[in-house]
Amino acid sequence: LLTPLLMTVILLGVQTAVVLHGRQEARHAAMAGAEAEALFGAPQGTGGDLARQVALDAGLREVRVTTVRRNGLVTLTVHARAEVFLDLGQGRVSASATYPMESP
């Protein structure tokens with residue numbers, strides 16, 4: 001009687017840890033991408049490519065990246081899915097980062 005309850009609690013704990021890790025990795029990818037995009041002389045799209053690669057290397061899937069350059073700022077947003085056992089919507093993760101664009 002206690003075994004199924006214990007297994008459920010353990011699996012929920014592992015799934016929560018995977019989602020939290022996915023959020024952290026999405027945040028890391030957004031920060032790395034925004035910083036790369038904000039560098040002086042960086043071609044447009046550099047940060048998005050880097051963020052996508054960082055997220056994929058971290059194990060996220062279905063990665064979408066949006067980049068906005070406006071008023072001397074770069075805002076990069078990463079949307080992805082974390083690998084979860086039972087996806088009830090909590091596997092979706094996203095994060096944004098904003099950096100000032102470097103000028104000469």
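1. In this note a patch is made of residues with over 30% relative accessible area and no salt bridge, where like charges are joined within 9 Å and nonpolar side chains (Val, Leu, Ile, Met, Phe, Trp, Tyr) within 5 Å. Accessible areas come from the Shrake-Rupley method with a 1.4 Å probe, and a salt bridge is a side-chain nitrogen of Lys or Arg within 4 Å of a carboxyl oxygen of Asp or Glu.

2. The model is predicted, with local features needing pLDDT of at least 70 and side-chain atom pairs counting only at pLDDT 80 or more, while totals for chains, interfaces and linings use all residues. Residues are numbered from 1 along each chain, and side-chain values use heavy atoms, without hydrogens and water.

3. On the surface, L6, M7, I10, L11, V14, F85, L86 and L88 form a nonpolar patch with about 820 Å² of accessible area together. One of these residues, V14, lies in helix α1 (residues 2-38); helices (H or I, at least four residues) and strands (E, at least two) are DSSP runs.

4. Strand β1 (residues 61-70) pairs with strand β2 (residues 73-81) in the antiparallel sense over 8 bridges, pairing being called when DSSP finds at least two bridges. Within this pair V68 stands opposite T75 in β2, and in the hairpin, which has 2 residues between the strands, N71 takes a positive phi near 55°.
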